[in-house]
Protein chains: 2
Amino acid sequence: MNGLPDVVALHLPAWVGGVLPKSPCIDDQAKVALAVALSEGNVRHGSGGPFGAAVFGPDHRLVAAGVNVVLPQACSVAHAEMMAFMLAQQAVGRARLNESGSGWTLATSAQPCCQCYGASIWAGIDTLLIGARAEDVMALTEFDEGPLPADWTGELERRGIAVRRDIAREAACAVLADYGRQGGARY
Amino acid sequence: MNGLPDVVALHLPAWVGGVLPKSPCIDDQAKVALAVALSEGNVRHGSGGPFGAAVFGPDHRLVAAGVNVVLPQACSVAHAEMMAFMLAQQAVGRARLNESGSGWTLATSAQPCCQCYGASIWAGIDTLLIGARAEDVMALTEFDEGPLPADWTGELERRGIAVRRDIAREAACAVLADYGRQGGARY
(Lines give C-alpha, C1' and ligand atoms only; values in the text may rest on other atoms or scores of the structure.)
Protein backbone atom coordinates (compact mmCIF):
# COMPACT_ATOMS: atom_id res chain seq x y z
CA MET A 1 0.00 0.00 0.00
CA ASN A 2 2.10 2.90 -1.30
CA GLY A 3 5.12 1.03 0.07
CA LEU A 4 3.70 0.90 3.60
CA PRO A 5 2.64 -2.31 5.38
CA ASP A 6 -1.07 -3.07 5.46
CA VAL A 7 -1.17 -6.56 6.98
CA VAL A 8 0.14 -7.79 10.30
CA ALA A 9 0.29 -11.52 11.03
CA LEU A 10 1.26 -13.06 14.37
CA HIS A 11 1.59 -16.76 15.12
CA LEU A 12 2.08 -19.11 18.01
CA PRO A 13 5.27 -21.19 18.11
CA ALA A 14 4.73 -24.74 16.80
CA TRP A 15 5.60 -26.39 20.15
CA VAL A 16 2.43 -24.94 21.72
CA GLY A 17 0.36 -27.70 20.10
CA GLY A 18 2.16 -30.25 22.26
CA VAL A 19 1.09 -28.82 25.62
CA LEU A 20 -2.62 -28.26 24.94
CA PRO A 21 -5.08 -30.27 27.03
CA LYS A 22 -7.44 -32.74 25.35
CA SER A 23 -10.19 -32.35 27.96
CA PRO A 24 -11.77 -29.34 29.69
CA CYS A 25 -9.90 -27.56 32.52
CA ILE A 26 -12.70 -27.46 35.06
CA ASP A 27 -11.25 -25.58 38.02
CA ASP A 28 -9.25 -22.36 38.36
CA GLN A 29 -6.11 -24.28 39.28
CA ALA A 30 -6.16 -26.34 36.07
CA LYS A 31 -6.74 -23.24 33.95
CA VAL A 32 -3.81 -21.29 35.40
CA ALA A 33 -1.66 -24.43 35.37
CA LEU A 34 -2.03 -24.46 31.57
CA ALA A 35 -1.04 -20.78 31.37
CA VAL A 36 2.03 -21.56 33.49
CA ALA A 37 2.89 -24.58 31.31
CA LEU A 38 2.77 -22.26 28.30
CA SER A 39 5.07 -19.76 30.03
CA GLU A 40 7.47 -22.59 30.90
CA GLY A 41 7.46 -23.88 27.33
CA ASN A 42 8.18 -20.42 25.98
CA VAL A 43 11.26 -20.08 28.19
CA ARG A 44 12.47 -23.62 27.43
CA HIS A 45 12.08 -23.18 23.69
CA GLY A 46 13.48 -19.65 23.69
CA SER A 47 10.46 -18.45 21.74
CA GLY A 48 9.68 -15.31 23.75
CA GLY A 49 9.23 -13.82 27.21
CA PRO A 50 8.26 -15.93 30.25
CA PHE A 51 4.51 -15.49 29.99
CA GLY A 52 1.58 -17.70 28.98
CA ALA A 53 -2.19 -17.24 28.86
CA ALA A 54 -5.30 -19.13 27.81
CA VAL A 55 -8.94 -18.34 27.06
CA PHE A 56 -11.60 -20.83 28.15
CA GLY A 57 -15.23 -20.90 27.07
CA PRO A 58 -18.32 -21.46 29.23
CA ASP A 59 -17.82 -25.25 28.97
CA HIS A 60 -14.30 -24.89 30.43
CA ARG A 61 -12.75 -25.99 27.14
CA LEU A 62 -9.68 -24.21 25.83
CA VAL A 63 -10.57 -21.82 23.01
CA ALA A 64 -7.14 -20.26 22.45
CA ALA A 65 -3.67 -20.31 23.93
CA GLY A 66 -1.17 -17.44 23.97
CA VAL A 67 2.50 -16.90 24.67
CA ASN A 68 4.64 -13.78 24.55
CA VAL A 69 6.24 -13.45 21.09
CA VAL A 70 7.25 -9.77 21.34
CA LEU A 71 10.92 -10.04 20.35
CA PRO A 72 10.86 -12.92 17.82
CA GLN A 73 7.92 -11.36 15.97
CA ALA A 74 8.96 -7.70 16.44
CA CYS A 75 5.65 -6.66 17.99
CA SER A 76 5.29 -4.91 21.35
CA VAL A 77 1.58 -5.79 21.35
CA ALA A 78 2.21 -9.55 21.22
CA HIS A 79 1.99 -10.34 24.93
CA ALA A 80 0.57 -13.73 25.93
CA GLU A 81 -2.83 -12.32 26.93
CA MET A 82 -3.19 -10.34 23.69
CA MET A 83 -2.37 -13.39 21.57
CA ALA A 84 -4.93 -15.46 23.48
CA PHE A 85 -7.63 -12.77 23.12
CA MET A 86 -7.04 -12.25 19.38
CA LEU A 87 -6.91 -15.96 18.60
CA ALA A 88 -10.01 -16.70 20.71
CA GLN A 89 -12.00 -13.91 19.05
CA GLN A 90 -10.96 -15.17 15.64
CA ALA A 91 -12.02 -18.70 16.62
CA VAL A 92 -15.53 -17.59 17.64
CA GLY A 93 -15.84 -14.84 15.02
CA ARG A 94 -16.72 -11.95 17.30
CA ALA A 95 -14.85 -9.08 18.92
CA ARG A 96 -16.47 -9.51 22.34
CA LEU A 97 -16.23 -13.10 23.53
CA ASN A 98 -19.19 -13.01 25.93
CA GLU A 99 -21.54 -11.10 23.65
CA SER A 100 -23.88 -14.07 23.35
CA GLY A 101 -23.49 -15.56 26.82
CA SER A 102 -21.25 -15.33 29.87
CA GLY A 103 -18.76 -17.77 31.31
CA TRP A 104 -15.57 -16.69 29.50
CA THR A 105 -12.26 -16.81 31.34
CA LEU A 106 -8.74 -15.61 30.77
CA ALA A 107 -6.10 -17.45 32.77
CA THR A 108 -2.68 -15.82 32.79
CA SER A 109 0.61 -16.90 34.31
CA ALA A 110 1.26 -13.40 35.68
CA GLN A 111 -0.64 -10.22 36.44
CA PRO A 112 -1.50 -8.39 33.20
CA CYS A 113 0.64 -5.34 32.41
CA CYS A 114 -0.96 -1.96 31.70
CA GLN A 115 -1.63 -2.88 28.05
CA CYS A 116 -3.15 -6.31 28.71
CA TYR A 117 -5.11 -4.87 31.63
CA GLY A 118 -6.87 -2.45 29.29
CA ALA A 119 -7.35 -5.13 26.64
CA SER A 120 -9.02 -7.38 29.24
CA ILE A 121 -11.78 -4.80 29.63
CA TRP A 122 -12.74 -4.92 25.91
CA ALA A 123 -12.17 -8.62 25.19
CA GLY A 124 -15.41 -9.87 26.70
CA ILE A 125 -14.25 -12.04 29.59
CA ASP A 126 -16.18 -12.65 32.80
CA THR A 127 -13.33 -13.97 34.94
CA LEU A 128 -9.64 -13.16 35.13
CA LEU A 129 -7.43 -15.78 36.82
CA ILE A 130 -3.89 -14.70 37.70
CA GLY A 131 -0.82 -16.71 38.74
CA ALA A 132 2.17 -14.58 39.75
CA ARG A 133 1.78 -11.06 41.15
CA ALA A 134 3.21 -7.94 39.50
CA GLU A 135 5.76 -7.70 42.31
CA ASP A 136 6.88 -11.28 41.59
CA VAL A 137 7.44 -10.38 37.92
CA MET A 138 9.42 -7.29 38.88
CA ALA A 139 11.50 -9.04 41.54
CA LEU A 140 12.28 -12.17 39.52
CA THR A 141 12.66 -10.82 35.97
CA GLU A 142 12.82 -6.99 36.18
CA PHE A 143 10.03 -6.75 33.59
CA ASP A 144 8.09 -3.52 34.13
CA GLU A 145 4.32 -3.90 34.46
CA GLY A 146 3.56 -0.23 33.77
CA PRO A 147 1.06 2.14 35.39
CA LEU A 148 -2.39 0.86 36.38
CA PRO A 149 -5.41 2.60 37.93
CA ALA A 150 -5.01 2.66 41.72
CA ASP A 151 -7.94 0.28 42.25
CA TRP A 152 -7.30 -1.94 39.23
CA THR A 153 -9.17 -4.97 40.51
CA GLY A 154 -12.14 -2.81 41.54
CA GLU A 155 -12.31 -1.24 38.06
CA LEU A 156 -12.55 -4.74 36.58
CA GLU A 157 -15.13 -5.94 39.11
CA ARG A 158 -17.30 -2.87 38.45
CA ARG A 159 -17.27 -3.87 34.76
CA GLY A 160 -18.44 -7.39 35.57
CA ILE A 161 -15.05 -9.11 35.49
CA ALA A 162 -14.30 -11.25 38.56
CA VAL A 163 -10.61 -11.33 39.51
CA ARG A 164 -8.95 -14.21 41.36
CA ARG A 165 -5.25 -14.02 42.16
CA ASP A 166 -2.37 -16.11 43.53
CA ILE A 167 -3.53 -19.26 41.70
CA ALA A 168 -0.57 -21.59 41.07
CA ARG A 169 1.54 -18.62 42.14
CA GLU A 170 4.55 -20.75 43.20
CA ALA A 171 4.69 -22.62 39.89
CA ALA A 172 4.35 -19.36 37.99
CA CYS A 173 7.14 -17.80 40.05
CA ALA A 174 9.41 -20.79 39.42
CA VAL A 175 9.26 -20.11 35.67
CA LEU A 176 9.94 -16.40 36.18
CA ALA A 177 12.90 -17.22 38.43
CA ASP A 178 14.33 -19.60 35.80
CA TYR A 179 14.07 -16.90 33.15
CA GLY A 180 15.69 -14.37 35.48
CA ARG A 181 18.56 -16.75 36.31
CA GLN A 182 19.19 -17.39 32.60
CA GLY A 183 19.49 -13.63 32.08
CA GLY A 184 16.61 -13.60 29.57
CA ALA A 185 15.91 -10.32 27.79
CA ARG A 186 13.86 -7.67 29.64
CA TYR A 187 11.78 -5.23 27.63
CA MET B 1 -2.94 -26.71 15.91
CA ASN B 2 -5.09 -29.41 17.51
CA GLY B 3 -8.08 -27.65 15.99
CA LEU B 4 -7.25 -24.34 17.68
CA PRO B 5 -6.18 -21.18 15.83
CA ASP B 6 -2.47 -20.39 15.81
CA VAL B 7 -2.29 -17.41 13.44
CA VAL B 8 -4.00 -14.04 13.64
CA ALA B 9 -3.90 -11.68 10.66
CA LEU B 10 -5.25 -8.13 10.63
CA HIS B 11 -5.32 -5.79 7.66
CA LEU B 12 -6.04 -2.18 6.81
CA PRO B 13 -8.99 -1.45 4.50
CA ALA B 14 -7.89 -0.89 0.88
CA TRP B 15 -9.14 2.73 0.79
CA VAL B 16 -6.42 3.75 3.29
CA GLY B 17 -3.85 3.82 0.48
CA GLY B 18 -5.72 6.73 -1.09
CA VAL B 19 -5.35 9.13 1.85
CA LEU B 20 -1.66 8.63 2.63
CA PRO B 21 0.62 11.67 2.20
CA LYS B 22 3.46 11.56 -0.32
CA SER B 23 5.69 13.95 1.62
CA PRO B 24 6.65 14.22 5.31
CA CYS B 25 4.19 15.69 7.83
CA ILE B 26 6.50 18.16 9.52
CA ASP B 27 4.40 19.72 12.26
CA ASP B 28 2.05 18.35 14.93
CA GLN B 29 -0.98 19.73 13.14
CA ALA B 30 -0.20 17.87 9.90
CA LYS B 31 0.41 14.61 11.76
CA VAL B 32 -2.91 14.70 13.65
CA ALA B 33 -4.70 15.92 10.51
CA LEU B 34 -3.71 12.63 8.86
CA ALA B 35 -5.02 10.64 11.84
CA VAL B 36 -8.30 12.56 11.60
CA ALA B 37 -8.49 11.96 7.82
CA LEU B 38 -8.10 8.25 8.54
CA SER B 39 -10.89 8.37 11.14
CA GLU B 40 -13.10 10.21 8.64
CA GLY B 41 -12.39 7.67 5.90
CA ASN B 42 -13.19 4.81 8.24
CA VAL B 43 -16.62 6.29 9.01
CA ARG B 44 -17.33 7.15 5.36
CA HIS B 45 -16.38 3.68 4.13
CA GLY B 46 -18.11 1.91 7.02
CA SER B 47 -14.94 -0.06 7.69
CA GLY B 48 -14.83 0.32 11.49
CA GLY B 49 -15.10 2.72 14.41
CA PRO B 50 -14.44 6.48 14.09
CA PHE B 51 -10.75 6.42 14.97
CA GLY B 52 -7.49 6.84 13.06
CA ALA B 53 -3.82 6.91 14.02
CA ALA B 54 -0.41 7.17 12.40
CA VAL B 55 3.20 6.50 13.36
CA PHE B 56 5.89 8.88 12.09
CA GLY B 57 9.64 8.33 12.15
CA PRO B 58 12.37 10.81 13.13
CA ASP B 59 12.31 12.28 9.59
CA HIS B 60 8.56 13.05 9.98
CA ARG B 61 7.70 10.52 7.29
CA LEU B 62 4.72 8.23 7.76
CA VAL B 63 5.81 4.72 8.75
CA ALA B 64 2.39 3.17 9.31
CA ALA B 65 -1.27 4.15 9.36
CA GLY B 66 -4.00 2.59 11.48
CA VAL B 67 -7.78 2.59 11.67
CA ASN B 68 -10.16 0.81 14.00
CA VAL B 69 -11.20 -2.54 12.48
CA VAL B 70 -12.60 -4.13 15.66
CA LEU B 71 -16.01 -5.24 14.39
CA PRO B 72 -15.25 -6.11 10.73
CA GLN B 73 -12.22 -8.18 11.76
CA ALA B 74 -13.68 -9.57 15.02
CA CYS B 75 -10.80 -8.36 17.17
CA SER B 76 -11.16 -6.19 20.26
CA VAL B 77 -7.44 -5.41 20.10
CA ALA B 78 -7.65 -3.84 16.63
CA HIS B 79 -7.97 -0.18 17.65
CA ALA B 80 -6.41 2.42 15.34
CA GLU B 81 -3.38 2.97 17.58
CA MET B 82 -2.68 -0.76 17.93
CA MET B 83 -2.84 -1.28 14.17
CA ALA B 84 -0.44 1.62 13.62
CA PHE B 85 2.01 0.31 16.26
CA MET B 86 1.99 -3.27 14.96
CA LEU B 87 2.35 -2.24 11.33
CA ALA B 88 5.13 0.27 12.11
CA GLN B 89 7.08 -2.29 14.15
CA GLN B 90 6.75 -4.80 11.35
CA ALA B 91 7.97 -2.19 8.86
CA VAL B 92 11.14 -1.47 10.87
CA GLY B 93 11.61 -5.02 12.16
CA ARG B 94 11.81 -4.28 15.86
CA ALA B 95 9.42 -4.38 18.82
CA ARG B 96 10.51 -1.01 20.23
CA LEU B 97 10.42 1.69 17.58
CA ASN B 98 12.92 4.05 19.22
CA GLU B 99 15.43 1.38 20.25
CA SER B 100 18.07 2.75 17.90
CA GLY B 101 17.25 6.44 18.06
CA SER B 102 14.53 8.79 19.27
CA GLY B 103 12.08 10.96 17.36
CA TRP B 104 9.17 8.54 16.98
CA THR B 105 5.62 9.90 17.15
CA LEU B 106 2.12 8.47 17.38
CA ALA B 107 -0.61 10.83 16.23
CA THR B 108 -4.13 9.75 17.11
CA SER B 109 -7.50 11.26 16.30
CA ALA B 110 -8.72 10.76 19.89
CA GLN B 111 -7.28 10.13 23.34
CA PRO B 112 -6.09 6.53 23.63
CA CYS B 113 -8.36 4.19 25.61
CA CYS B 114 -7.02 2.14 28.52
CA GLN B 115 -5.66 -0.56 26.18
CA CYS B 116 -3.94 1.77 23.72
CA TYR B 117 -2.64 3.85 26.61
CA GLY B 118 -0.77 0.85 27.98
CA ALA B 119 0.41 -0.18 24.52
CA SER B 120 1.84 3.32 23.98
CA ILE B 121 4.22 2.73 26.87
CA TRP B 122 5.78 -0.37 25.26
CA ALA B 123 5.71 0.65 21.59
CA GLY B 124 8.77 2.89 21.70
CA ILE B 125 7.38 6.31 20.90
CA ASP B 126 8.81 9.62 22.12
CA THR B 127 5.80 11.82 21.43
CA LEU B 128 2.05 11.26 21.62
CA LEU B 129 -0.13 13.73 19.72
CA ILE B 130 -3.85 13.66 20.49
CA GLY B 131 -6.85 15.20 18.69
CA ALA B 132 -10.16 14.79 20.52
CA ARG B 133 -10.33 14.42 24.30
CA ALA B 134 -11.78 11.39 26.06
CA GLU B 135 -14.77 13.48 27.11
CA ASP B 136 -15.40 14.40 23.46
CA VAL B 137 -15.44 10.70 22.53
CA MET B 138 -17.83 9.90 25.35
CA ALA B 139 -20.15 12.84 24.67
CA LEU B 140 -20.28 12.46 20.87
CA THR B 141 -20.21 8.67 20.41
CA GLU B 142 -20.77 7.05 23.83
CA PHE B 143 -17.63 4.96 23.35
CA ASP B 144 -16.14 4.11 26.76
CA GLU B 145 -12.46 4.95 27.17
CA GLY B 146 -11.96 2.70 30.22
CA PRO B 147 -10.01 3.29 33.44
CA LEU B 148 -6.66 5.09 33.34
CA PRO B 149 -4.11 5.94 36.03
CA ALA B 150 -5.14 9.21 37.74
CA ASP B 151 -2.11 11.08 36.37
CA TRP B 152 -2.03 9.39 32.96
CA THR B 153 -0.10 12.12 31.18
CA GLY B 154 2.44 12.31 34.02
CA GLU B 155 3.01 8.55 33.87
CA LEU B 156 3.83 8.89 30.17
CA GLU B 157 6.06 11.93 30.66
CA ARG B 158 8.00 10.14 33.41
CA ARG B 159 8.69 7.36 30.89
CA GLY B 160 10.06 9.82 28.35
CA ILE B 161 6.91 10.22 26.25
CA ALA B 162 5.88 13.84 25.62
CA VAL B 163 2.11 14.34 25.36
CA ARG B 164 0.48 17.14 23.38
CA ARG B 165 -3.33 17.40 23.31
CA ASP B 166 -6.15 19.30 21.61
CA ILE B 167 -4.42 19.26 18.21
CA ALA B 168 -6.98 19.50 15.39
CA ARG B 169 -9.53 18.84 18.12
CA GLU B 170 -12.43 20.46 16.24
CA ALA B 171 -11.85 18.42 13.09
CA ALA B 172 -11.53 15.25 15.17
CA CYS B 173 -14.77 16.05 17.00
CA ALA B 174 -16.61 16.68 13.73
CA VAL B 175 -15.90 13.07 12.67
CA LEU B 176 -17.01 11.73 16.05
CA ALA B 177 -20.21 13.80 15.84
CA ASP B 178 -20.93 12.44 12.34
CA TYR B 179 -20.53 8.88 13.56
CA GLY B 180 -22.75 9.59 16.56
CA ARG B 181 -25.48 11.13 14.37
CA GLN B 182 -25.42 8.11 12.06
CA GLY B 183 -25.99 5.87 15.08
CA GLY B 184 -22.75 3.95 14.45
CA ALA B 185 -22.09 0.91 16.64
CA ARG B 186 -20.64 1.51 20.12
CA TYR B 187 -18.46 -1.17 21.72
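Biologist: Start with helices α4(A) and α6(A). What is the handedness of their crossing?
Modeller: This is a predicted model, to begin with. The crossing of α4(A) and α6(A) is right-handed.

Biologist: At what angle do they pack, and how far apart are the axes?
Modeller: Helix α4 (residues 134–141) of chain A packs against helix α6 (residues 169–181) of chain A at about 25°, and the axes are 8 Å apart. Angles under 35 degrees count as roughly parallel, so α4(A) and α6(A) are roughly parallel to each other.

Biologist: Which residues meet there?
Modeller: From α4(A), A:Asp136, A:Val137, A:Leu140 and A:Thr141. On the α6(A) side they meet A:Cys173, A:Leu176, A:Ala177, A:Tyr179 and A:Gly180. By type, the residues of this contact are six nonpolar, two polar and one charged.

Biologist: Over to the sheet in chain B. What is the strand order?
Modeller: The order is β3-β2-β4-β5-β6 in chain B, an open sheet of five strands with mixed pairing. At the edges are β3 (62–67) and β6 (162–164) of chain B, each pairing on one side only. On average, neighbouring strands are turned by 15° against each other, direction ignored.

Biologist: And what packs on that sheet?
Modeller: Helix α1 (residues 28–44) of chain B does, touching β2 (52–56), β3, β4, β5 and β6 of chain B. The direction of α1 makes about 140° with that of β2(B).

Biologist: Do β4 and β5 of chain B run parallel or antiparallel?
Modeller: Parallel: five bridges join β4 (residues 105–110) to β5 (residues 127–132) in chain B. One bridge pairs B:Leu106 with B:Leu128 in β5(B).

Biologist: How many residues does each chain put into the contact?
Modeller: Chain B gives 51 residues and chain A gives 51 residues. Each of β1 (7–11), β3, α2 (80–92) and α3 (114–122) of chain B supplies at least two residues of the side that touches chain A. That side of chain B has 36 nonpolar, eleven polar and four charged residues.

Biologist: Why do you say the copies meet through the same surface?
Modeller: Because 100% of the interface residues of chain B are also interface residues in chain A.

Key
Residues are numbered from 1 along each chain as its sequence is written. Chains are lettered from A and ligands numbered from 1 in the order in which they are written. This is a predicted model: local features need pLDDT of at least 70, side-chain atom pairs count only at pLDDT 80 or more; totals for chains, interfaces and linings use all residues. Axes are lines fitted to C-alpha atoms, for helices over the stretch in contact, and angles run from 0 to 180 degrees between N-to-C directions. Helices (H or I, at least four residues) and strands (E, at least two) are DSSP runs, numbered from the N terminus. Angles under 35 degrees count as roughly parallel, over 145 as roughly antiparallel, 65 to 115 as roughly perpendicular and the rest as oblique. A crossing is left-handed if the near helix is turned anticlockwise from the far one by less than a right angle, and right-handed if clockwise. Two residues are in contact if their C-beta atoms, placed from the backbone, lie within 7 Å. Ala, Val, Leu, Ile, Met, Phe, Trp, Tyr, Cys and Pro count as nonpolar, Asp, Glu, Lys and Arg as charged, and the others, Gly among them, as polar. Two strands pair if DSSP finds at least two bridges between them.
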